[in-house]
Amino acid sequence: MVLAGVGAQGAALQAPDYYVQETWSREPYYARRQPEPEPFSPPLPAGTPDGEREPRPPEPRPPKKATKPKKAPKRDKLAQETPPPGCPPLGLETLKITDFQLHASTSKRYGLGAHRGRLNIQAGINENDFYDGAWCAGRNDLHQWIEVDARRLTKFTGVITQGRNSLWLSDWVTSYKVMVSNDSHTWVTVKNGSGDMIFEGNSEKEIPVLNELPVPMVARYIRINPRSWFDNGSICMRMEILGCPLPDPNNYYHRRNEMTTTDDLDFKHHNYKEMRQLMKVVNEMCPNITRIYNIGKSHQGLKLYAVEISDHPGEHEVGEPEFHYIAGAHGNEVLGRELSLLLMQFLCQEYLAHNARIVRLVEETRIHILPSLNPDGYEKAYEGGSELGGWSLGRWTHDGIDINNNFPDLNTLLWEAEDRKNIARKVPNHYIAIPEWFLSENATVAVETRAVIAWMEKIPFVLGGNLQGGELVVAYPYDMVRSLWKTQEPSPTPDDHVFRWLAYSYASTHRLMTDARRRVCHTEDFQKEDGTVNGASWHTVAGSLNDFSYLHTNCFELSIYVGCDKYPHESELPEEWENNRESLIVFMEQVHRGIKGVVRDFHGKGIPNAIISVEGVNHDIRTASDGDYWRLLNPGEYVVTAKAEGFTSSTENCMVGYDMGATRCDFTLSKTNLARIREIMEKFGKQPISLPARRLKLRGRQRRQRG
C-alpha cells in the first residue's frame, strides 16, 4: 500500500468542525491552531537490512525529562515563535488502549508481554509469569519492536518511555527508532533529514523521557524499534504514545464510545494558586452554603485549605452528621484532588439549580472537602506534569514523610491489651489515647499529619473518604495485619459488615470498579470482592488514617482509589468525573444510614462523651459536645445502650430500616445516687463520704488497736 497520500488525507481532516465531539474542556486540546501534518516519506525498499547495532547513536535527539522543558525544533521563524501544542496520551496508562491493541515481535514470557508495556505499570513484589513490570523482548537484537494499533487514523506527535519496573533487575532501552504504518505491513521510519532518526531513550528505569516527533505523522499504527539498551540488561520498556485521534464520522463504534459530560465545570489541573482562586469562586457563587477555612500549614508554609458546604456554615447543628473528603495525602495522586474540586463546584451549581437531591444533602449534612493535604508534594508533581512525573515524584511531604502511614499505631496497643490475660479492667475498644512519644516534638510526624489529627479531634466526623490513586478499588480497615509474621491477612474490624457496605456503595456506582471485563491496573484483580478489599488482606500498613480514625475517633474512614493513572492528562478529567460523580454523592449519603439521637439528662441537657454500645459489636462511639451521636449500622434490629459517668445506663431497642435516613433513638439518663450526693455536698462546700474508703480506714484502725 502506498502511504504518500496519507498525510494529505490527514491534512484534509483538520477542519475545525471535525473536532465537535471534543466537548469535555473549555478549549479542546486538538482545536487549537496546529500545522498541517506533512506526508509520509516513501516506504523503505523491501529487504533493506538493518544497520549494525550502534553502541552510541549518531547525534541523538535530546530527551525531555520531567523537570526540564523541551525546546521547539528548529524550523521556520514563525514555527519558533508559536510552537504547536502537543497531543494528549492515547491511553496506555489509563487503559483506554486495550491489551488487544498492543503487539510485540517477541516476549520473554506472558507476564512480560506487550500488554505490560504501559507507562508507570507496576510489578508485584514477587515478579511472576502474569504481572511483571514492562514489555521485555524474547531476544536482544535489532529486530525487536513493540507497536500500538490506534484503530483509527491518528496524528502521532511523541513517545514517552520508561525502563522496567523491578526490585531486582536493571533493564531499559537507551535509543530507538519510530515507525508508522496504515496497514501494519508497510512501515515508514521517522526521518532526521535523509537518514532514520534515532531517539535517545532512558538512562535509568523510572524517570519518564519524552521525545517529540520532528513532524507529526498521520497513521493508524506506530512501532518502537529499540536500537541500544543498558549494557548489563535486556530490551525492556514501558511507554505512552502522544497522539490526536482523527475522528471518523462514518465509524459508529467510535462515536458510540465517545465519553462526554454536560456538567459545566472547570476541567483542568489547578496548582496551589489556582486551587485557592477556584475555592474563592465557589464561595462567591454560593456564599450562603460555603465557608473556606484552613486546618494548618504544610512544611513549606502553604495553608491546608478546606471548604465547608452546609446550610449553616461555620457551626455544628445538633443532629446533623459531619462528613469529609480528604485528597492529596500523596501529592502526586492528583485525580482525587481534581475530583474534590469538581465536586465542590457541582454541589454549588446544583444547589443553586434547586436539584432536590443535592439540596436535601446540603441541608441535612455538614460536608467538609480538603482537596490538598500535601500541597508541597503536589507542587513537585505539577512541575513534572501528568506524563513525566513518574510513579513517585511528589508522593511524600517536603521532609520525606508518607502521610498515609504517619498516624499513631493504635492497633498494636489494642491487640496487645486484648491478648493479655491478667487485665483487671475491661480494655477500651474505642477512643484509644495517642501515645506520649507520638506527641513529642522529636517524633517523626509530619506537620500535615498533626493538622489532620487536630481537625478530626475538633469536629465529630461520622464518615469520611480519603481519595487516592494508582488503583481502582475501595479499601476498608483494618489496614494492619494482626499476625506479626504476615504481610497479607484479612483483619476485619468489629464493624466489618458496615465497612463492606460502605465500600460497596462507592464501588458499585462507579462506572468501572465492578466491571468484570475491565483489565487490572497493575497486579491485583479486585473483582472477586466487587471492587472492594480489606486493607490488610491487600498489604499491611501500620499507622494508617483509616485505622486511626476508627480507633481514636467516631469516624468510619475508607480509602478510595479513584483511577489507575495517578496523574491523568487534563483531557481525561471529564471522563474521570463521569466515572466517579455518582459514587462521590452516594458515598456521602451513607452518613445517614444507621441510628442517631441525643443523650440527655432529666433536665433536657445534652451529655457529652456518653458511650453508645451496640450489643454484639465490640466497638463503641461517644456523643459530641451537645450530646448528639450518630452510629452507622446496616439494616436490622439492635439493642443499644447509653451510659455516662455519674449516670445510670439506659437500653433501647432500635430498628434500622432499608430506606435512606437514620433511625432516631434518643436516651434520657438519670444520675446515680452517689452522683446526687456529690452534687449536694459540693453545693454546700463539703466533700461526700466515700463508704469503701471509710471501711478501709476503720479496718486499719481496728488492726492497730489489736496490735
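**Ground rules.** The model is predicted, so I kept in mind that local features need pLDDT of at least 70 and side-chain atom pairs count only at pLDDT 80 or more, while totals for chains, interfaces and linings use all residues. Residues are numbered from 1 along each chain as its sequence is written, and side-chain values use heavy atoms, with hydrogens and water left out.

**Entry 1: disulfide search.** I searched the whole structure for disulfides (pairs of cysteine sulfur atoms within 2.5 Å). The search gave 5 of them. Counting bonded cysteines along the chain, I wrote down the pattern 1-4, 2-3, 5-6, 7-8, 9-10.

**Entry 2: cysteine 87 and cysteine 244.** The sulfur atoms of this disulfide are 1.7 Å apart. I looked up the angle about the S-S bond and found -100°, a left-handed link. Cysteine 87 sits in the loop between helix H2 (77-81) and strand S1 (102-104), and cysteine 244 is in strand S10 (residues 236-245), so the pair ties together parts 157 residues apart in sequence. For these names, helices (H or I, at least four residues) and strands (E, at least two) are DSSP runs, numbered from the N terminus. I then checked burial: buried means under 20% relative accessible area, exposed over 50%, and partly exposed in between (1.4 Å probe, protein chains only). Cysteine 87 is buried at 4%, and cysteine 244 is buried at 1%.

**Entry 3: cysteine 286 and cysteine 348.** Here the S to S distance is 1.9 Å. The torsion about the S-S bond is about 90°, so I noted this disulfide as right-handed. Cysteine 286 lies in the loop between helix H4 (272-285) and strand S11 (290-297), and cysteine 348 in helix H5 (residues 334-352), so parts 62 residues apart in sequence are tied together. Cysteine 286 is buried at 3%, and cysteine 348 is buried at 1%.

**Entry 4: cysteine 654 and cysteine 665.** I read an S to S distance of 1.8 Å. The torsion is about -50°, so the disulfide is left-handed. Cysteine 654 belongs to strand S24 (residues 650-656) and cysteine 665 to the loop between strand S25 (663-664) and strand S26 (667-669), so the tied parts are 11 residues apart in sequence. Both cysteine 654 and cysteine 665 are buried.

**Entry 5: glutamate 589.** I found this residue in helix H14 (residues 573-589). Glutamate 589 counts as buried, because its relative accessibility is 16%. Which residues does glutamate 589 touch, not counting residues up to four places away in sequence? I listed Arg357, Leu361 and Met660, where contact means heavy atoms within 4.5 Å.
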